[in-house]
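Please look over the chain shown here and read the briefing below alongside it.

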Amino acid sequence: QVQLVETGGGLAHPGGSLSLSCTVSGSFFSINTMGWYHQAPGNSRVMVAGITSGGRTSYRDSVKGRFTISRDNTKNTVFLQMDSLKLEDTGVYYCNAGIVEVKDTVSINDYWGQGTQVTVSS
């Protein structure tokens, strides 16, 4: 059973910083793209940052220059460094990973973390 466990988050003032991490555990062949999604209160979940297995990154325009995604493939972990936080960054952040599994066939399946709360408030 594949699991994604997130840590980090919490409360920060505008302009402050927070760090998130997400570790994948369980039985699988490999991990493809990993990403972080943001769900603001009353809104749908949107991707804020993604990183391929080779380290290529992509960011939502609203977080470019403020957030940094990285991963440690030896530890099956993805990180999100959030700097210069804004009030609108408040919400639940979810980790996502495309997991390559080999059973009868090879498949890539989406898995999600449980979500971690980030609150930016003055």
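The count of salt bridges comes to two, where a salt bridge is a side-chain nitrogen of Lys or Arg within 4 Å of a carboxyl oxygen of Asp or Glu. Side chains of opposite charge can pair when their charged atoms come close. This is a predicted model, in which local features need pLDDT of at least 70 and side-chain atom pairs count only at pLDDT 80 or more, while totals for chains, interfaces and linings use all residues. Residues are numbered from 1 along each chain as its sequence is written, and side-chain values use heavy atoms, with hydrogens and water left out.

**Salt bridges**

- Arg66 and Asp89 are joined through their side chains by a salt bridge, with 2.8 Å from N to O.
- Arg66 lies in the loop between strand 6 (57-59) and strand 7 (67-72), and Asp89 lies in the loop between strand 8 (77-82) and strand 9 (91-102), so the pair ties together parts that are 23 residues apart in sequence. Strands, as the word is used here, are DSSP runs of E with at least two residues, whereas helices are runs of H or I with at least four residues, and both are numbered from the N terminus.
- Both Arg66 and Asp89 are buried; buried means under 20% relative accessible area, exposed means over 50%, and partly exposed is in between, with a 1.4 Å probe and protein chains only.
- Lys64 and Asp61 form a salt bridge through their side chains, at 3.0 Å from N to O, and Asp61 is exposed, because its relative accessible area is 61%.

**Overall build**

- The chain has zero helices and 11 strands, and its elements, read from the N terminus, run β-β-β-β-β-β-β-β-β-β-β.
- The radius of gyration of the chain is 14 Å, close to the 14 Å that the globule rule gives for 122 residues, so the chain is as compact as a globular protein of that length. This radius is taken over C-alpha atoms, and the globule rule is 2.2 Å times the number of residues to the power 0.38.
- The C-alpha trace spans about 50 × 25 × 25 Å along its principal axes.
- Of the contacts between residues at least 6 apart in sequence, 56% join residues at least 24 apart, where contact means heavy atoms within 4.5 Å.

**Inside the chain**

- In soluble globular proteins, nonpolar side chains tend to be buried together.
- Buried residues make up 39% of the 122 residues in this chain.
- The largest nonpolar core has 27 residues, and those with the most contacts inside it are Leu4, Val24, Trp36, Val78, Leu80, Met82 and Tyr93. Such a core is a set of buried Ala, Val, Leu, Ile, Met, Phe, Trp, Tyr and Cys residues joined through side-chain atoms within 4.5 Å.
- Strand 3, strand 4, strand 5 (46-51), strand 7, strand 8, strand 9 and strand 11 (116-120) are the elements that give two or more residues to this core.
- Leaving aside residues up to four places away in sequence, Tyr93 touches a list of residues that includes Trp36, Leu80, Met82 and Val118.

**At the surface**

- The accessible surface of the chain comes to about 6,500 Å², of which 48% belongs to carbon and sulfur atoms; accessible areas come from the Shrake-Rupley method with a 1.4 Å probe, and for residues only the protein chains shown count as cover.
- Phe29, Val102 and Val106 make a nonpolar surface patch of about 340 Å². Patches are made of residues with over 30% relative accessible area and no salt bridge, with like charges joined within 9 Å and nonpolar side chains (Val, Leu, Ile, Met, Phe, Trp, Tyr) within 5 Å.
- Phe29 lies in the loop between strand 3 (18-25) and strand 4 (30-39), and Phe29 counts as exposed because its relative accessibility is 63%.

**Residues in loops**

- Asn76, in the loop between strand 7 and strand 8, has a positive phi of about 55 degrees although it is not a glycine.
- Ser84, in the loop between strand 8 and strand 9, has a positive phi of about 50 degrees, although it is not a glycine.
- Asn76 counts as partly exposed at 26% relative accessibility, and Ser84 counts as partly exposed at 41%.
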